Amino acid sequence: MDLSQHMNRITGDDAIIWREGRLYLLDQRRLPAEVNFLELNSAAETARAITDMVVRGAPAIGITAAYGVVLAGANAFRASAARWQAAIRDDIEHLGRSRPTAVNLFWALKRMEALLAELPADRDPSDALLQEAIAIHQADIRANRHMGELGASLIGAGSGVITHCNAGALATGGYGTALGVIRSAHKRGLIREVLADETRPWLQGARLTAWELLQDQIPVTLLADGAAAHRMAQGGIDWIIVGSDRIAANGDVANKIGTYGLAVAAKHHGVQVMVAAPTSTIDMELAGGSEIPIEVRGEEELLGCGGRQVAAKGAGVWNPVFDVTPNELIDAIVTERGVVTSPNRKKMENLMANRPESP
Ligand code: MRU
């Protein structure tokens, strides 16, 4: 696909593109220095792209995996019109091993599997699978726009906000969850200042969140991750606004490592914590956050920086890339179905059953 004419206009909303039977992913490892797309032709390539962080962010991982199933279906039917169903099952398992924490991955794969179960065994499944993947993608964008409005309604005029990692268009189907709220609140003129943690070791804040906000003409100030508590102590910060990779049935929230520390510091300083996430991020099968599988990634991510070894040779490494913020540290979970304040199991059950929160 020739994207060269559009390269200077590429935004986070273009991170996942399906065109003419192929999947194109904006390579998020190289942003903002390089705007480069990878072409993917199989489920195995898609799984690898998720594991290697070409695409990241919970909803974006789910959407990408759904397109990965489309590629799997097309390839399997082409290889054998009689045995495509067995081949696609292996591919779905492969996609399911790409990253463990974002439940959106498993949610999207389950949706694709449910559709597959209804398809006739003797027909090419590609078109039906593609329609389902597009539906997942489009619904995520709609959810984000709605969450943006709901979240912005909680924010007072002249607010200072801190965000962590990247929960923007790049991490979703478009517009973003936490950044969607910040975008909507900024449009309403409510935001005085946005601060973004740099987010070691992948620097999603410094590279991706800053790139997205500046493209939208929203000024952003970067913080070293360790500077956030000190900044809160100085005053003028009203909200921590983050996304999530998985929310347990009691409202405990897994998100990028460092979120828990931010929430603890926020409580101490009287700063409110908002988590913006679609209901595809809520896992009602897990009673609490301690049951959420936390991905631990390779030591090279901490030993080096920008491809160069920086740590003392011989140092041991522990690199969990998510943590769990307990529900008592969270003021609001904003979803496309509504807002849950001071979350607990009962309120999360009501949300998922679509019963509005009582005052
Ligand atoms: O390791 P990453 O970059 O995939 O982690 C992403 C996050 O932690 C995001 O905050 C989360 O997925 C929400 S994205 C809308």
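The shell around the ligand divides into seven nonpolar, eight polar and four charged residues. Here Ala, Val, Leu, Ile, Met, Phe, Trp, Tyr, Cys and Pro count as nonpolar, Asp, Glu, Lys and Arg as charged, and the others, Gly among them, as polar. This is a predicted model: local features need pLDDT of at least 70, side-chain atom pairs count only at pLDDT 80 or more, and totals for chains, interfaces and linings use all residues. Residues are numbered from 1 along each chain as its sequence is written, and side-chain values use heavy atoms, with hydrogens and water left out.

In total, 19 residues surround the ligand, each with a heavy atom within 4 Å of it. The closest are Arg56, Arg99, Gln204, Asn255 and Lys256. At least three residues of the shell come from each of domain 1 (4-142) and domain 2 (155-352); these bounds come from an automatic or database domain assignment. Helix H2 (58-79) and strand E9 (253-256) each supply at least two shell residues. Helices (H or I, at least four residues) and strands (E, at least two) are DSSP runs, numbered from the N terminus.

| Residue | Protein atom | Ligand atom | Distance |
|---|---|---|---|
| Arginine 56 | polar side-chain atom | oxygen | 2.8 Å |
| Glycine 57 | polar backbone atom | oxygen | 3.0 Å |
| Alanine 58 | backbone N or O atom | oxygen | 2.9 Å |

The protein covers 99% of the 420 Å² of accessible area that the ligand has on its own, by the Shrake-Rupley method with a 1.4 Å probe. The space taken by the ligand is the largest cavity. A cavity is a set of points, on a 1 Å grid over the protein atoms alone, where a 1.4 Å probe fits but cannot get out; a molecule sits in a cavity if more than half of its atoms lie within 2 Å of its grid points.

Most residues other than glycine have a negative phi, and most peptide bonds are trans. The bond from leucine 31 to proline 32 is cis, with omega near -5°, and proline 32 lies in the loop between strands E2 (22-26) and E3 (37-40). The bond from arginine 200 to proline 201 is also cis, with omega near 0°; proline 201 is in the loop between strand E5 (191-197) and helix H7 (204-215). Methionine 53, not a glycine, has a positive phi of about 75° and is placed in the loop between helix H1 (43-51) and H2.

Definitions and conventions
A polar contact is a pair of N or O atoms within 3.5 Å; within protein, one must be able to donate a hydrogen and the other to accept it, and residues adjacent in sequence count only if both atoms are side-chain atoms. On a 1 Å grid over the protein atoms alone, a cavity is a set of points where a 1.4 Å probe fits but cannot get out, and a pocket is an open set with protein on both sides within 12 Å along at least five of seven lines; lining residues have an atom within 4 Å of a point.
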